[in-house]
Amino acid sequence: MSSKKPMVPSTDSCASAGLSMRKVALAVAGTLLFAAAGSALAATPPTSQVNTTHLAVTDNEIIVGQLHSSTGTMAISETGSIEAERLAIDQINASGGVLGRKIKIIQEDGASDWPTFAEKAKKLLEENHVAAIFGCWTSASRKAVLPVLERDNGLLYYPTFYEGLEQSKNVIYTGQEATQQVFAGLDWVAKTKHAKTFYLIGSDYIWPRTTMKLARKYIETVLHGKVVGEEYAALGSTGFGSTINKIRLKKPDVIYAAVVGGSNVSWFKQLKAAGITGKNHTLLTLSVTEDEVKGIGGENLTGFYSAMKYFQSLDTPRNKEFVKQFKAKFGADAPIGDVTQAAYEGPWIWKAAVEKAGSFDTDKVVKAEETGSISIDAPEGMVYLESNHHLKTRLRIGEWRSDGQADIVYTSDYIMPNPFPKGY
Amino acid sequence: MNTFYSKWLGGKKGVIELAVLAAFIFIVLPLWLDIFRLNMVGKYLTYAFAAVGLVMVWGYGGILSLGQGVFFGIGGYCMAMFLKLEASDPVSTARQTTPGIPDFMDWNQVTSLPLFWEPFHSLIFTLIAVIVVPGVIAYVIGAAMFKRRVSGVYFSIITQAIAAILTILVVGQQGMTGGINGITDLKTLHGWNINSNSAKYILYYVNGALLLGVIVLCKYVLSSKFGRLLLAMRDKEDRVRFSGYDVANFKIFTFSLGAAISAIGGAMFTLQVGFMSPSLIGIVPSIEMVIFAAIGGRMSLVGAVYGTWLVNYGKTAFSESFPSLWLFLMGALFIGVVMLFPNGLAGLYNSYLKERLEKLVLKFKQSGLFKKLNPVKTELQNEQ
Amino acid sequence: MDGYSISELWSILVMQGFSGLSLFSVLLLMALGLAIIFGQMGVINMAHGEFMTIGAYTIYLFSKVTEQYFPSLMPYYFLVAIFAAFAIAFAVGYLVEYSLIRHLYKRPLDTLLATWGLSLIMQQIFRSVFGAREVSATLPDWLMGSWQPTPDIDIPLNGLFVMGISIAVTIAVVLFLYRSNWGLKVRATTQNRIMAGSVGINTKKVDRITFAVGCGIAGIAGASFTTIASTGPTSGSLYIVDTFLVVVFGGAGSIIGTVSSAFSIAQAQSILTFFLTNAMGKVVTLMTIIIILMMRPEGLFTSKVRK
């Protein structure tokens, strides 16, 4: 499962593009080996040249925003992203910054409240004139921020796996959209577990609903299986007794779950208590990363499967290095989940795009991103930014162990992002 | 003229109060703040509608509603439905399976516009609905409760449960309501771009004017016989009842009035912020609205506006300067106000500042300058 | 229901009945502490959920310490930790009463605002001390898994455990209120504060102990919920509305009312969520409660209190 050698995916003949590609690869390598390597390469073009849109850029500093919930119910999930983005930015700074400028972060608290997210995004863009925002976690917060971004022409790097159906000029999605997460996982479970019947359960909001819609269609038309139950639990609900009894009654081959937040903990604890475990049932979930495992308890998950693009246990030198750096900064206990890793990719992709564009201006950066020729050597392996603002990545299936880590039992080929799937 | 002066504006004291508030909203804040911050204040001032409504319902009516967010939310959703329909014309939604319906419906496999959305194609209907729908809902809830003499804490907890139910319903029926994301991406009002800077200014002033209008209306209601009965009822409900008045009807009216006022705030919120979401109708925002009213002084209509502004300003300032500590400061603010200034800002003003200010004013009046400047008003005062 | 044997349907029925009972004990545990604080004292404690969180974090701390230093004691720590959860929540409650609540007895609705502020502060303390992420206590093995009276029936052990705790706490509360000297004083103070004072009851002390006991019970509730739900800085706020509804529906000040209201709400919700969706089950339950409350504004059982 070694990461592939960086390849240049575009046939771009422009010399400067090729140069910046190499620069990116070198800069990334630089952080891994010694911090100074990148700075020698990064030239410092004058501010007037890299900033024509009144961004907060000086000759030696560039300001970016960070917008997550550090309070409220979503702080549980977003903490990892906050940490990962900080780590990435620190590493970029240690390797000489972006276009010769150090990155300074202004952190704002979305407080798990969507209007607050919109307000803070506006503040970052209109008062602080940040060049990019790394942030948001829930779809609701992204939807709230979106009009602000489009009006003020801001740039958001969004780390969460999400439902798709969106492609804004002003957002780069570093998590997977639904088709990337759903189809390959269903293929795997149908093939290895000979599954024919599925029980779908999710929390009641747009991401699980959209995901389950895709899953149902795929199960019925491609896998020729049967969905024997589909259910949505109110966000935050903690009682799953009745749902679990329904599952017993239907006896599905696979329980396909996308339960989130605090409900997730109750769901798995109650499954285990009801005698539904990895030993006697196949459960594939889309919403459990190492972050959630910490709250659920590994012993309640043993033998269940998650479909993610990244697991902390991924056995590559690049990932081991990343895990080491992350733990050194945030403590040995800090878990690294899929979204955390995707959040880590955000600043690196932004850096690569800025350097390719030779400018911090949103329009130029987006144009560079839309060439489809940006790729980075991330902890999960090489990822490629496609022209539709999503990443081309792999999907992995992890089987949870009682210590809260996953054994990766399957790795897919690269999957093209397809936020607007036809026929679904 | 005289009735208008004394009843609607509340006499000299009332005029000064209103004038100061008007100056604060229309002159001080716009001069002090750039458009971004001003728009933010505009958002806070929409909550002030709910707080003013609570002053009527709670301060004067003695009924603590923990579901004011419900009405704020319904008002906001009515407006959002209209704006969303305008944003979902067949051209800009051509990518969808069913063009011409809001995007979130399409994502939820809804293929035609639900019936209750249809009338919201009309702006006139929407504007009426913003006030009437919450008013009627409040009437139904109020009639059911007050006729059965549900009161005090019981009423509060039932309204809280209603807020919980509405949140679950809105979140659960996402094909029709947009679910937890709410109704987002609202752009124009009859072709007028509500996200432009000029629109933000205009909306801010409209919002301020409406707020002042609502306060004047409330003053009128309070200065009437009804207002005096309301106070009597709050203090000795049984005596009012024994005097032959139907207490329940007064409560129902006040509750509906408070609901309609909150709903105007909700509609203005949608216009100024550009979306509406269930996070504004639940239990937490409803309690926050009570806190705004409490901090302003629960018996003071203008105090509610200052209270709302102050709490939200504090929230923003604290959370920008101390991202990880601001909850401590907010918590301390609530406890401090309740413990030390039970009558909120208005009480603070009455017990500390009022006398000094009055002395100052008196001095100013005795000086010849005032008489020269304002001969008519002085005469009026002498008459009184 | 084709293709199912009678015995399978019977098993589902049994397990469904149990899941209702299990929800019942959860609601009862949450509500008991509040029934004392709100029912007996009229204090609207919005921070009640946070006192539960104190209990939950106590279990977490004990599990971590035991795991680290006394791994051989892992099977037993939970029992000690539950008492500690009570003690810590009791102590915090005592302090809160002394510094905050006692100034507000004459203004019950203000307690709502002040305790809301308190809950914000407590949440932030949890966040600063334990981190924003959810944590999970390592549970002793005897609490995990299920009991199988027949091959088709699984009765969750943690559900049985929570049920046991809630029965024990209910009995203790009834004994405390109706059989102990303290209970006598508490009831006397509730019914007529001035008279109670004039016969020599230290009403201030009674208030303080009553409040603290209520908080302590919340601590126990939070501790037992670690077996079935999550522990995070804001977990407590999830329960607050349900808790108030149970108390109000049962009739403030009546323990038997709280018990029967928890039972009926739990059974209704459990059965409805089996046949309807999860969310609709909850909505229908809440609506029914409201409609019944409109017909009986003082709740199912009312105790006569002189105001």
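Reply: A residue counts as buried if 20 or more other C-beta atoms lie within 10 Å of its own. The model under discussion is a predicted one.

Me: What makes helix α13 of chain B mostly covered?

Reply: Of the 14 residues of α13(B), 13 are buried, each therefore having at least 20 other C-beta atoms within 10 Å of its own. Just after this helix, B:Gly297 has a positive phi of about 110°.

Me: How do you know that the span of α13(B) is close to the expected one?

Reply: The helix covers residues 283–296 of chain B, and from its first C-alpha to its last it reaches 20 Å. The expectation at 1.5 Å a residue is also 20 Å.

Me: Why is α5 of chain C called roughly perpendicular to α6 of chain C?

Reply: The axes of α5(C) and α6(C), the latter being residues 181–191, cross at roughly 70° and come within 5 Å. Angles of 65 to 115 degrees count as roughly perpendicular, so the description applies to α5(C) and α6(C). The contact is formed by C:Phe176, C:Leu177 and C:Tyr178 from α5(C), and by C:Trp182, C:Gly183, C:Val186 and C:Arg187 from α6(C). By class, these residues comprise five nonpolar, one polar and one charged.

Me: What makes strand β8 of chain A covered on both faces?

Reply: On one side A:Val254, A:Tyr256 and A:Ala258 are buried, and on the other A:Ile255 and A:Ala257 are buried as well. Thus five of the five residues of β8(A) are buried.

Me: How do you know that β8(A) is paired with β6 and β9 of chain A?

Reply: Two strands pair if there are at least two bridges between them. Five bridges join β6(A), residues 197–203, to β8(A), and the two run parallel; A:Ile201 has A:Ala257 as its bridge partner in β8(A). Four bridges link β8(A) with β9(A), residues 282–285, again in the parallel sense. There, A:Ile255 has A:Leu283 of β9(A) as its bridge partner.

Me: Why are β11 and β13 of chain A called edge strands?

Reply: The open sheet has three strands in the order β11-β12-β13 of chain A, with antiparallel pairing. Both β11(A), residues 374–378, and β13(A), residues 391–392, pair on one side only.

Me: How do you know that chain B touches chain C?

Reply: Residues are in contact if their C-beta atoms lie within 7 Å, and 33 residues of chain B are in contact with 31 residues of chain C. Elements giving two or more residues to the chain B side are α6, α7, α13 and α15 of chain B. With 12 residues, α7(B) gives the most.

Me: Which classes of residue make up that side of chain B?

Reply: It has 28 nonpolar, three polar and two charged residues.

Conventions. Residues numbered from 1 in each chain as written. Chains lettered and ligands numbered in written order. Predicted model: local features only at pLDDT ≥ 70, side-chain atom pairs only at ≥ 80, totals over all residues. Expected span 1.5 Å × (residues − 1). Buried ≥ 20, exposed ≤ 12 C-beta atoms within 10 Å, placed from the backbone. Axes fitted to C-alpha atoms, helices over the stretch in contact; angles between N-to-C directions. Parallel < 35°, antiparallel > 145°, perpendicular 65-115°, else oblique. Contact = placed C-beta atoms within 7 Å. Nonpolar A, V, L, I, M, F, W, Y, C, P; charged D, E, K, R; others polar.
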